[in-house]
Amino acid sequence: MSTVRRIKVENRLAKLVQVPGGISLAEALERADQNLEKVKDEYLAVLDEKIARIEQLAGAAKPDPAVVDELYGVSNDMVTVAGVFGLGELGQAAYSFCELLDRLRQTGAWSPQAVAVHVSAMKLLRHPQAAASHGGCDAVLKGLRQVTERTAPRVG
């Protein structure tokens, strides 16, 4: 029988907030926002590069598994970054693309049309104000879910 070990991880922010004369939670959050604002343009450019890379890789009629893995990795990176910079819908579209790729891998199929729809949606959602003029972000995301379901229904 094994023993359960509990490892306590130090939360630096919680510690700083509790120190008398330390920074307040509001101040810590304000500093974090300021730090994010400093790198925002750089990361938005990275998101643009990732979308361009996906578009480039997705152009193949049926890519080999290594390319599908790279598509998944690039899209997964977008999920991580997008929400931090107020582009949650872009992150959801990138997640939807990962879901589509997973399902296509399971079936061994490929759908250039479904991939193209996801790429177009990611390009649109990179600029949420443009998405609003195309029926809104929610409608775009709902459409992506429908495309994924129709193209590659869940196996099992």
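This is a predicted model: local features need pLDDT of at least 70, side-chain atom pairs count only at pLDDT 80 or more; totals for chains, interfaces and linings use all residues.
Me: Which residues line the largest pocket?

Reply: Rolling a probe the size of a water molecule over the atoms shows where empty space is left. Here the largest pocket holds about 180 Å³ of space. Its lining consists of Q92, Y95, S96, E99, R103, L141, L144, R145, T148, E149 and R154. By class, five of the lining residues are charged, three are polar and three are nonpolar. Helices α4 (88-107) and α7 (137-151) each contribute at least two residues to the lining.

Me: Which residues of α7 are buried?

Reply: Buried means under 20% relative accessible area. In α7 the buried residues are C137, V140, L141, L144 and T148. They lie on the same side of α7, because the arc they cover around the axis is only 95°. D138 and R150 are exposed, on the face turned away from that buried side.

Me: How many salt bridges are there in the whole structure?

Reply: Side chains of opposite charge can pair when their charged atoms come close. The whole structure has nine salt bridges. One of them joins R126 and D48, with N to O at 2.8 Å. This pair links distant parts of the chain, 78 residues apart: R126 is in the loop between α5 (112-125) and α6 (128-132), and D48 is in helix α2. R126 counts as buried because its relative accessibility is 11%, whereas D48, at 35%, counts as partly exposed.

Me: What separates R31 and E27 along helix α2?

Reply: About one helical turn, because R31 and E27 are four residues apart in that helix (residues 25-57). Their side chains also form a salt bridge, 2.8 Å from N to O.

Key
Residues are numbered from 1 along each chain as its sequence is written. Side-chain values use heavy atoms; hydrogens and water are left out. On a 1 Å grid over the protein atoms alone, a cavity is a set of points where a 1.4 Å probe fits but cannot get out, and a pocket is an open set with protein on both sides within 12 Å along at least five of seven lines; lining residues have an atom within 4 Å of a point. Grid points are joined across faces, edges and corners, and a volume is the space filled by probe spheres set on the points. Ala, Val, Leu, Ile, Met, Phe, Trp, Tyr, Cys and Pro count as nonpolar, Asp, Glu, Lys and Arg as charged, and the others, Gly among them, as polar. Buried means under 20% relative accessible area, exposed over 50%, partly exposed in between (1.4 Å probe, protein chains only). The arc is that of the directions from the helix axis to the C-beta atoms. A salt bridge is a side-chain nitrogen of Lys or Arg within 4 Å of a carboxyl oxygen of Asp or Glu.
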